[in-house]
Amino acid sequence: LFIIFIYAILGCYLFYDVPYGAGINKVYNFTNFLRALILCLKISTGEDWNVIMHDCAQYGDDCSPGFLCGKWYAFVYFLSYRIIVGFVIVNMYTLIVLHFFEKYFIPESNTISLFKEDYSMF
């Protein structure tokens, strides 16, 4: 959650003036922190993150559709966000699965439990 806050604040700083497009609209934009937080949560689910990335990368007065212009660091921002959030979500999912596996499927007298007890007494 802390990562999402950091990227929402950074998105407000970098992309506050992006005009509406295919992915950026009046609900999902970087104009204030709350809307940026909602947009970052939407991107973390994987929904249209590439469309939003292209909206943030291709804008400006001299920009015509189909050409790369605008802010090049939008690609770095969105790709790094998707990679970092992806790793965090996968690790949290793995942690939850392992926790419940240990809680419900491993008997009390296994070697890991005995080791934990012996180690805590040591």
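In which helix is L14 found? L14 is found in helix α1, residues 2–14, where helices are DSSP runs of H or I with at least four residues, numbered from the N terminus. The structure is a predicted model, in which local features need pLDDT of at least 70 and side-chain atom pairs count only at pLDDT 80 or more. Residues are numbered from 1 along each chain as its sequence is written.

L14 is buried, with a relative accessible area of 15%; buried means under 20% relative accessible area, computed with a 1.4 Å probe on protein chains only. From C-alpha to C-alpha, L14 and Y73 are 9.0 Å apart in space and 59 residues apart in sequence.

The whole structure holds ten aromatic pairs. Rings of Phe, Tyr and Trp (its six-membered ring) pair if their centres lie within 6.5 Å; planes under 30 degrees apart count as stacked, over 60 as edge-to-face and the rest as tilted. Two of the pairs are listed here.

| Pair | Centre to centre | Angle between planes | Class |
|---|---|---|---|
| Y7 and Y81 | 5.0 Å | 55° | tilted |
| F15 and Y77 | 5.2 Å | 70° | edge-to-face |

Y7 lies in helix α1 and Y81 in helix α4 (residues 73–105), so this pair ties together parts 74 residues apart in sequence. F15, in the loop between α1 and α2, is 62 residues from Y77 in helix α4. Y7 is buried at 12% relative accessibility, and Y81 is buried at 1%. One aromatic cluster is formed by Y7, F15, F30, Y73, Y77, F78 and Y81.

D55 lies in helix α3, residues 49–57. The side chain of D55 reaches the backbone nitrogen of A22 at 3.0 Å.

How values were computed. Heavy atoms only, no water. Helix = DSSP H or I, 4+ residues; strand = E, 2+ residues; numbered from the N terminus. Polar contact = N/O pair within 3.5 Å; in protein donor to acceptor, adjacent residues only side chain to side chain. Buried < 20%, exposed > 50% of the residue type's maximum accessible area, 1.4 Å probe, protein only.
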